[in-house]
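Subject: Structure for you to look at

Hello,

Please find the structure below, with the sequence alongside. My notes on what was found follow after it.

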Amino acid sequence: MFDAVSEIKSRLDIIDVISSYIKLQKAGANFRAPCPFHQEKDPSFIVSPAKQIWHCFGSCDTGGDMFKFVMQIEGIEFREALHILSARAGVELKKQNPKIYNERIRLQQINEWAAKFFEKSLEVSPKGKNAFKYLKNRGLTQESIKKFRLGYALDNWHALENFLNNKNYKNTETQKAGLIVTKDNGQAFDRFRNRIMFPICDISGRVVAFTGRVMPGSDDKMGKYVNSPETPLYNKSSIIYGLDKAKIAMRKQDKCIITEGNLDVIMAHQAKTENTIACSGTALTEMQINIIKRYTENILLNFDMDQAGINATRKSIDLALEHELNIKIISLPKGQKDAADCIKHNPKDWLKAVKNAMPIMNFYFASTFQNMPKKLKIEHKKESARILLPIIGKIKNPIEKAHWLGELAIRLEVDEKVLAEAINNVSDQRKNTPWRAPKETSQTNNQLSQNNKTAKRLAGYLLKYPKYSKILKDHNIKNSKALDKILKQNNKEQLIFKIEQENIQNPKAEIIKMILFFKKQKIEKKLKKMSLLIKKAQKNKDKKQAEKLIKKASNLSQELAGCY
Ligand SMILES: [Zn+2]
């Protein structure tokens, strides 16, 4: 059978593949770099050209082959990574239907030509120069205009149509790409005319659609914004504006900023907050959240504080909490309507607002009281309690809950006890919108990941030095299910590669240390259980049983002491 994966691996070098995303530095036989998947100063991301694998020895503690790298950095599934790498290697994927494949390629080419055409028109046409001036007035630098490939659609019904026809694309194709509209009588014309053009890119940075903004002072009876329709390349609910340029920063900083508009994104990148994207609807969609989650679980929302913006924010919060994302709200200084505005005014204000992003509860308080007078009347008190009590009621952490109850009591000038009672009786008006407090990382989770790390390391050692496997037997470990599982789930090469980086002089001692680590844990667990049983026996006045247990416990304690 034709094996595309090994064919691709034989044609591509992992160093070239990874170098196209990050800068690698030679270090002995390997290459290293600051890890693109977590924030760090000292590079702990290692690539081995000999083994054609990579590994992060920092907090990610993960690695793999070139496919895994592309999947992780692009945030895509294996199939998509296969497409990217096969195109790069020039390996044809046999199963692709050539007709569909060719059509997609041609649609991509059409969009790319259109983007070039719009860029050029912004530069050279007289009206394009006006559009350029407008963008500069909004605060955009020339670099930003270039980076986001902004353009201008000429004030002409057939400019793009003719241009694309001359490039040998038929109107049936340009229509399918969403750029040309054909009337019933067969007459065709350009969809975008006299508009400032924002190309919309897919996750790999290929242009798949456009948003056209009306020229300032022009007739906007077609709407302030005109968008490409859905096409085979463009699925509105799954494309996120700016993601192709933000994804690496999102992963690295482990957070992302979500704004409302395209200009907000461009200005935010200009202000060096390059982890900014826009959801080009009002609220976040389920699909967008699933895509964002591949990069980070920490979201900073910045929507307008008008009623529509507040509603969108609430909807987004509910959906994001359902997906267990952590959310904060960026609120801009008074009088600035959006991120783009704020950054044009003073980028430092924006950076400060991002830094001081507030927890969701602050947002709920602020948005509830923002349209009420300072001195609350009785109906305001009732109204705000109606909104806020159900939300406070859903907070799981009791201290946090008490805190916000206290805040509300002060604001309403009502006794806290009254509110505490009310919270139990309050009929939940927002029953259908679940509200959960942000996830807490529990002790057990840390313990589990520590165990997992040690087990992986132990497996690596035993693979590298199989002769020490008998140490397991010396410690009465006959078969370890945990180890078997690790070996089944992990690439053996990878496990060995990892421990080879450690430069340990005495592997036997290391193996014993790790075995003792697990042994200690096991004994401690037993001892805990034992002490409960002893208490129970003493409570039942079962002296005999208690003595028996105490003796057992003392044996265990001795065994535990032997582990140190
Ligand atoms: Zn890492």
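This is a predicted model: local features need pLDDT of at least 70, side-chain atom pairs count only at pLDDT 80 or more; totals for chains, interfaces and linings use all residues.

Leaving aside neighbours within four places in sequence, Glu-173 is in contact with Arg-106, Leu-107, Ile-110 and Asn-168. Glu-173 itself sits in helix α9, which covers residues 171–176. Its relative accessible area is 15%, and since buried means under 20%, Glu-173 counts as buried.

Helix α5 runs over residues 98–124, and Asn-111 has its place there. Is Asn-111 buried or exposed? It is buried, with a relative accessible area of 1%. Not counting residues up to four places away in sequence, Asn-111 touches Ala-177, Leu-179, Val-207, Val-208, Ala-209, Phe-210 and Leu-233.

Phe-117 is another residue that lies in helix α5. Phe-117 has a relative accessible area of 15%, so it is buried. For a sense of distance, take Phe-117 and Ile-327: they are 210 residues apart along the chain, and their C-alpha atoms are separated by 40 Å.

Ser-121 lies in helix α5 as well. With a relative accessible area of 5%, Ser-121 is buried. Apart from residues up to four places away in sequence, Ser-121 touches Gly-128, Tyr-152 and Leu-154. Ser-121 and Ala-131 are ten residues apart in sequence, and the distance from C-alpha to C-alpha is 9.8 Å.

The zinc site

Which residues coordinate the zinc ion? They are Cys-35 (SG), His-38 (ND1), Cys-56 (SG) and Cys-60 (SG), at 2.0 to 2.3 Å. Along the chain, the donors follow the spacing C-x2-H-x17-C-x3-C.

Why is the arrangement around the zinc ion called tetrahedral? The four donor atoms subtend angles of 102 to 117 degrees, and that makes it tetrahedral. The cut-off used here is that all angles for four donors lie between 85 and 135 degrees. For comparison, the ideal angle for four tetrahedral donors is 109.5 degrees.

Cys-35 has a relative accessible area of 0% and is buried. His-38, at 11% relative accessibility, counts as buried too.

The second largest pocket

The second largest pocket holds about 880 Å³ of space. It is lined by 26 residues, and those closest to its centre are Phe-518, Lys-519, Gln-521, Lys-522 and Ile-523. Several elements give two or more residues to the lining: α20 (443–464), α21 (470–474), α22 (481–489), α24 (507–539) and α25 (543–562). Which of them gives the most? That is α24, with ten residues. By type, the lining divides into ten nonpolar, six polar and ten charged residues.

Two residues with positive phi

Most residues other than glycine have a negative phi. Two residues in this chain can be set against that. Arg-149 has a phi near 55 degrees, a positive value in a residue other than glycine. Arg-149 lies in the loop between α7 (142–147) and β6 (151–153).

Glu-413 also has a positive phi, near 55 degrees, and is likewise a residue other than glycine. The loop that holds Glu-413 is between α18 (398–412) and α19 (416–425). Is Glu-413 buried or exposed? Its relative accessible area is 57%, so Glu-413 is exposed.

The chain as a whole

How many helices and strands does the chain have? Its secondary structure comes to 25 helices and 16 strands. The C-alpha trace spans about 100 × 75 × 45 Å along its principal axes. The chain has 564 residues, and buried residues make up 44% of them. Among contacts between residues at least 6 apart in sequence, 65% join residues at least 24 apart.

When you open the structure, the zinc ion with Cys-35, His-38, Cys-56 and Cys-60 can be a place to begin. From there, go to helix α5 and look up Asn-111, Phe-117 and Ser-121.

Regards

Methods. Residues are numbered from 1 along each chain as its sequence is written. Side-chain values use heavy atoms; hydrogens and water are left out. Donors are N, O and S atoms within 2.8 Å of the metal (3.2 Å for Na, K and Ca); water is not among the atoms, so sites may look incomplete. Four donors count as tetrahedral if all angles lie between 85 and 135 degrees; four count as square planar and six as octahedral if opposite donors are over 155 degrees apart and all others between 65 and 115; anything else is irregular. Buried means under 20% relative accessible area, exposed over 50%, partly exposed in between (1.4 Å probe, protein chains only). Helices (H or I, at least four residues) and strands (E, at least two) are DSSP runs, numbered from the N terminus. Contact means heavy atoms within 4.5 Å. On a 1 Å grid over the protein atoms alone, a cavity is a set of points where a 1.4 Å probe fits but cannot get out, and a pocket is an open set with protein on both sides within 12 Å along at least five of seven lines; lining residues have an atom within 4 Å of a point. Grid points are joined across faces, edges and corners, and a volume is the space filled by probe spheres set on the points. Ala, Val, Leu, Ile, Met, Phe, Trp, Tyr, Cys and Pro count as nonpolar, Asp, Glu, Lys and Arg as charged, and the others, Gly among them, as polar.
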